[in-house]
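Please keep the sequence and the structure at hand while reading.

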Amino acid sequence: MERRNILIILTDQLAWRALDIYGAQYGSTPAINSICRGAAVFDSCYTPCPLCQPARASFWTGIYPHETNVLSNGMKWPVEPVSESIKTIGEVFRNAGYRTVHFGKKHDAGSLRGFDCAEEDQLPVEDPDWPLNNDTFKDRYTAEEIVKFWGGLKYGHDNDNPVFMIADFVNPHNICGYVGNYAGAHENPAVINLPELPPNFEFSDINNRPLPVQYICCSHNRQAQAAEWTPENYRHYLAAYYRYINYADSEIKKVLDALEKSGRAKDTLIIFTSDHGDSMASRRRVTKDVDFYDEVTRVPLVFKGPGVKDLYIKGKPVSLLDLFPTLCGYCGLAIPAELRGKDLSNTIRGSGLPAREYVVSQWHTEWGYTVEPGRMLVTDRYKYIKYACAKDDSKAEEFYDLGSDPWEITNQVSNPEYAQALENCRAMFRSYLEETGDNFENLEFCADPMWHSHKPGYENHEGPAAPAWSWEKYGRPGQDGKR
C-alpha cells in the first residue's frame, strides 16, 4: 500500500460547538472550514480526559489515562513519564519508515516518544483589543517553523519517505489567561455584536449535581475568578474565545499554504481535532475542570485526504483513542493489540459506520489540591457520569437524555421514567471497568471541607480556590490541604 503523508493539526481547548461545521453562528475560521470541506466529519467525538496532559498521553498511546498513569497536569500530583513498555504512535510510525516530526505544544508526559520534537519558542504578536499571552506567541513560532520545514529551509526532508507531522497549537487556550485578566467585577472591552449566551447559561439544577460539580469554583481558580461576572461579562468571554480560535485559524492557514506550496498536499491525510473543549459560558462556566459536559468533553474530529469520502457522521460516538488505530488502518500498518480505540479507516473511506456501544472519558485531578475521580460513559443517546464522592449513588451520579436534552439541563438520575435506561448504562459501565482493569470503584475522593464551604452556585463563591496563586488572599493551606 502506498504510504501517505499524515498531518495532524491539534488545537488546545477547542469545543466542537464553536465551529461552523457543527453549527456555530459566530466567529470566523476560514482555514478550518477549508479542511472540513470534502472531508469525513465526526460530530460525536469525545476526549479520554478533559484535561491537557492526561488527554494527550492517552491518545498518543491509544490507552486510557488509568493505564498510562498520567492523571493530572502535575504540581501536587506529580506525573512520571509514560512507561517505555507502552507503545506510542510515534514509535509505530517511525518503525514503519515515516519521518515523524512534532512542532508546538507537547505537554505529553513522554507520550510523543518516537517524534523529533522541535523546540518550543515564541514570536511577538500584538492585539490592541484583546489580551494575549505565551499561548498565542508560541503558536506564531510554531507556524513559522512548520513553514520552514515544508519549504526545506531549516529542517530538511527527503521525498522518498512519508512524513508524519503533528502541528500542535495552543490556542484557543489563551482564554484561560483572559479570565485572569478580567477576574472579578469589571468593565468590558468595547466590543459590539457579542455572541448570545447559550441556552444552558443559567444553572438552576446545580443542587441536583454531585458535589464536585457544585464546587468547581473551589477546585479551579479560573471559575472562582468569574464568580462576580455579569451575563454581559460572559458574552465578552465568548467573544474573546472566538477571537483566540481565529488566531489559531490564522496560524493553521500558514501551515496549509506551506503544505500546498511543497507539492505534497495531494498525498497527505489531514486530521483536525483538539485535546478537549471549553465550557463556553454553559452553566456560568469558564474553561474546564472536573465536569464531563459536552462543551468540555466533545471535540471536533475531521479527516481529509486521499480516499476519504465527503461524509458527516452524526450521533455515533467515537473517541480520540480511535486516532491511533485509525491511522494504522489507513496506512496498512498492524494495529497494536493493546489499543483501546477502534479503527475508523473504513468509515472515513465510506464503508460502514462506527460500531461501538459507548465511549468513556476519565477525570482524576488537575493539580492534586482536590482529588475527585470521575468517569463518563456516552452512548448514541444517553450520558452516564459517576464520581467517587459518595456511597449513595444518587448523590454521585448524573444521567442525561442527549436526544431530548442536548444541553444537559436536567439530571435524570432520580427520574423513574429513566430507571431502565440508567440501569443499562450502569451495566455497560461495570463491563467497561472489568474489561479495562479500571480501579475506579476503589479510588478515593479527597477534598477538604474548606473547598466546599459556601452555598452552591458559582456566583456564590467565597474563600480559597485551588491552586496556589489564590492563597495570597486567603492564606496558604498546610500539607494536608487545611488552612
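The text below takes the sheet and then the helix.

The model is predicted. Its open sheet has 4 strands in the order β10-β11-β12-β13, paired antiparallel. Because β10 and β13 stand at the edges, each with a single partner strand, one side of each has no neighbour in the sheet. From one strand to the next, the twist averages 10°.

The elements of this region span these residues:

| Element | Residues |
|---|---|
| Strand β10 | 359-363 |
| Strand β11 | 374-378 |
| Strand β12 | 382-387 |
| Strand β13 | 397-401 |
| Helix α14 | 419-436 |

Strands β12 and β13 run antiparallel and are joined by 5 bridges. I385 has E398 in β13 as its bridge partner. Helix α14 packs on the sheet and touches β10, β11, β12 and β13. The direction of α14 makes about 60° with that of β12.

The other element is helix α12, which includes C331 and covers residues 323-331. Is C331 buried or exposed? Buried means under 20% relative accessible area, and C331 has 2% relative accessibility, so C331 counts as buried. In α12, 9 of the 9 residues are buried, so the helix is largely enclosed by the rest of the structure. Among them are L323, F324, P325 and Y330.

G332 follows α12 and has a positive phi, near 75°. C331 and R298 are 33 residues apart along the chain, and their C-alpha atoms are separated by 26 Å.

Definitions and conventions
Residues are numbered from 1 along each chain as its sequence is written. This is a predicted model: local features need pLDDT of at least 70, side-chain atom pairs count only at pLDDT 80 or more; totals for chains, interfaces and linings use all residues. Side-chain values use heavy atoms; hydrogens and water are left out. Two strands pair if DSSP finds at least two bridges between them. Helices (H or I, at least four residues) and strands (E, at least two) are DSSP runs, numbered from the N terminus. Axes are lines fitted to C-alpha atoms, for helices over the stretch in contact, and angles run from 0 to 180 degrees between N-to-C directions. Contact means heavy atoms within 4.5 Å. Buried means under 20% relative accessible area, exposed over 50%, partly exposed in between (1.4 Å probe, protein chains only).
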